Amino acid sequence: PDIHLRISTSKKERVKPLRDRFPHAEIVVSDYMDQASLEAACDGMEGIFCLTTGGTDEKVAMENLVEAIDQSGSLIHLVRQLGLTPEVPYSRLPDDIKELGRGLPIDHPIARNILDEAGLPVTFLNTGATFMNNFSNWMAPALRRERKLIWMERRVPIIDTDDVGEIGARLLLSNDTRYLGKFLTVNNGQDFYNFEEIAALMSEVWSEPIRFDGSAKGFMTEYAQMGDARLSMLRKFFEYERGLEPVWSLNTQAEMILGRKPKSLRQWLIENRSDILGQ
């Protein structure tokens, strides 16, 4: 409660919801592509939790962030969230991923390299997992409409976004300098499912049958509003993830930082049943 919390968003329409949710925080609007606003957001900040949206030009964004941090001169600890496998060099990526030109496998190694080369006091928080709230946004319409989980099949670890946020906060509040310069990959240490198994788990905990459709046709039909280009990109991305199945492993990194077990998918499904199914 004694810490000055500043929350930055690039969308003006999010200022009021953020202010309502965090009445004691300072809410500002800034953009990685607007150097002046970025410098104002970083000014005087000792801890920064850095997030970027998909499609961000990481080279420009992180070079601008480094400049803003240098201008401020107050940084003690930067936590940069990454996703998937940013430790894999560009030369090792499959050709069809390189052809995309953008995306986590390409963009996040760029971000990591820039922050590393800048010599900042950074901890890389890598979510080597899919987020539970994907079920309550992207996949919710089909689940609510016809009790069907429609997604491309693959096996991935899982984590709750609330737990990721708390991990970031605990890292910033920690006095343990051994986290500086480290690369941490987190998942919930419990759940490593394919999506057909997730549909079966949904059926069990929600006490009603949830069917699974992992076909390309079902995926393309359900998510047609995304457009052919984005759907093609997602399918290539999922194929890349499928190739990672043998090297994923559950770990206790999140549990050690949180000081408790991360939320399980079973518990999350119980808590979010009515929001997803609409009852």
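**Close-up views of sheets and helix contacts**

**View 1. Strand β1 pairs with strand β2.** Four bridges join β1 (residues 6-9) and β2 (residues 26-29), which run parallel. Two strands are taken to pair if DSSP finds at least two bridges between them. Helices (H or I, at least four residues) and strands (E, at least two) are DSSP runs, numbered from the N terminus. T9 has V29 of β2 as its bridge partner. From β1 the chain passes through helix α1 (residues 15-21) to β2, and this β-α-β crossover is right-handed. A crossover counts as right-handed if, with the strands pointing away from the viewer, the path from the first strand over the helix to the second runs clockwise. The model is predicted: local features need pLDDT of at least 70 and side-chain atom pairs count only at pLDDT 80 or more, while totals for chains, interfaces and linings use all residues. Residues are numbered from 1 along each chain as its sequence is written, and side-chain values use heavy atoms, with hydrogens and water left out.

**View 2. An open sheet of four strands has the order β3-β4-β5-β9.** The pairing in this sheet is parallel. β3 (47-50) and β9 (183-186) are the edge strands, each pairing on one side only. On average, neighbouring strands are turned by 20° against each other, direction ignored. Axes are lines fitted to C-alpha atoms, for helices over the stretch in contact, and angles run from 0 to 180 degrees between N-to-C directions. Six bridges link β4 (residues 77-83) to β5 (residues 122-127) in the parallel sense, with Q81 opposite L125 in β5. Helix α5 (residues 104-117) packs on the sheet and touches β4, β5 and β9; the direction of α5 makes about 160° with that of β4. Contact means heavy atoms within 4.5 Å.

**View 3. Helices α3 and α5 cross at roughly 25°.** Their axes come within 9 Å. The angle makes α3 roughly parallel to α5 (under 35 degrees counts as roughly parallel, over 145 as roughly antiparallel, 65 to 115 as roughly perpendicular and the rest as oblique). The crossing of α3 and α5 is right-handed; a crossing is right-handed if the near helix is turned clockwise from the far one by less than a right angle, and left-handed if anticlockwise. On α3 the contact is made by E58, K59, M62, E63 and V66, and on α5 by D107, H108, I110, A111, I114 and L115. The contact residues divide into six nonpolar, one polar and four charged (Ala, Val, Leu, Ile, Met, Phe, Trp, Tyr, Cys and Pro count as nonpolar, Asp, Glu, Lys and Arg as charged, and the others, Gly among them, as polar).

**View 4. Helix α2 meets helix α3.** The axes of α2 (residues 35-42) and α3 (residues 58-72) come within 8 Å and cross at roughly 50°. That makes α2 oblique to α3, and the crossing is right-handed. Q35, L38, E39 and C42 in α2 are in contact with α3 residues N64, L65, E67, A68, I69, Q71 and S72.

**View 5. Strands β6, β8 and β10 form an open sheet.** The order is β6-β8-β10, with mixed pairing. Because β6 (130-131) and β10 (192-194) stand at the edges with a single partner strand each, one side of each is left without a neighbour in the sheet. β6 and β8 (residues 155-159) run parallel, joined by two bridges, and T130 stands opposite I158 in β8. Helix α8 (residues 195-206) lies across β8 and β10, at about 100° to β10.
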